[in-house]
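This report covers aromatic contacts and pockets. Please read it alongside the model.

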Amino acid sequence: MKNVIDAICAKGLPRRDLLNANRVNLLALAWAASLMLASYLIKSQEVTSAAIIGALFLLHLSFSMGLLFSFRRFLRELDEMEKQIQLNALATSVGITIIGFSCYSIFEKSHYFPELKASYLVALMAVVYMIAIVVGRLKYR
């Protein structure tokens, strides 16, 4: 159990990598919060002004770009072992998401399952990515 907790907490990573990971995590939270805020305000019709909707879009786009660039920096500065773990986790999450949703779409077309939503795609990708990182750290450390 201690090994799993160490893998989740990224024990053994250099300070620079932990700082980069924390930056990515904070920007991911801000990104998700800006998406939830914009979605809620627009869906509940609290906001109907094009200018405010544009501002919400720009806010979300800003967090999106910040997240993208901070994640690229995080990957670029990792040691080779952790870089391999991260890239394997990315490949696994993308692969499982594509396979899962392509298979799901067959059932969706049969009208036995509800319509696919983009939020499910993002959630599945994130969960698989996190699990794959822990599995990779347990395997290589």
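How do the residues of the lining of the largest pocket divide into nonpolar, polar and charged? The lining divides into 25 nonpolar residues, four polar and one charged. The model behind this count is predicted.

## The largest pocket

The largest pocket has a volume of about 1,100 Å³. Its lining comprises 30 residues. Nearest the pocket centre lie V24, N25, A28, Y129 and M130. Five elements are listed as giving two or more residues to this lining: α1 (2-8), α2 (15-43), α3 (50-77), α4 and α5 (118-140). Helix α4 spans residues 80-109.

## The second largest pocket

The second largest pocket has a volume of about 210 Å³. W31, A32, L35, M36 and S39 line it, together with A118, S119, V122, A123 and A126. The elements that give two or more residues to this lining are α2 and α5. Both α2 and α5 also give two or more residues to the lining of the largest pocket.

In the second largest pocket, the lining residues divide into eight nonpolar and two polar. No charged residue is among them.

## Aromatic pairs

A pair of aromatic rings is described by the distance of the centres and the angle of the planes. With centres required to lie within 6.5 Å, the count comes to five aromatic pairs. One of them joins F101 and Y104. Their ring centres are 6.4 Å apart and their planes stand at 45°. Stacked needs planes under 30 degrees apart, and edge-to-face needs over 60, so the F101 and Y104 pair is tilted.

F101 and Y104 both lie in helix α4. They are three residues apart, about one turn of the helix. F101 has a relative accessibility of 16% and therefore counts as buried. Y104 is partly exposed, with a relative accessible area of 21%. The cut-off for buried is under 20%.

F107 and F113 also form a pair. Their ring centres are 5.1 Å apart, and because their planes are at 40°, this pair is tilted too. F107 is partly exposed at a relative accessible area of 46%. F113 is partly exposed as well, at 37%.

## The aromatic cluster

Which residues form one aromatic cluster? F101, Y104, F107 and F113 do.

Terms used. Residues are numbered from 1 along each chain as its sequence is written. This is a predicted model: local features need pLDDT of at least 70, side-chain atom pairs count only at pLDDT 80 or more; totals for chains, interfaces and linings use all residues. Side-chain values use heavy atoms; hydrogens and water are left out. Rings of Phe, Tyr and Trp (its six-membered ring) pair if their centres lie within 6.5 Å; planes under 30 degrees apart count as stacked, over 60 as edge-to-face and the rest as tilted. Helices (H or I, at least four residues) and strands (E, at least two) are DSSP runs, numbered from the N terminus. Buried means under 20% relative accessible area, exposed over 50%, partly exposed in between (1.4 Å probe, protein chains only). On a 1 Å grid over the protein atoms alone, a cavity is a set of points where a 1.4 Å probe fits but cannot get out, and a pocket is an open set with protein on both sides within 12 Å along at least five of seven lines; lining residues have an atom within 4 Å of a point. Grid points are joined across faces, edges and corners, and a volume is the space filled by probe spheres set on the points. Ala, Val, Leu, Ile, Met, Phe, Trp, Tyr, Cys and Pro count as nonpolar, Asp, Glu, Lys and Arg as charged, and the others, Gly among them, as polar.
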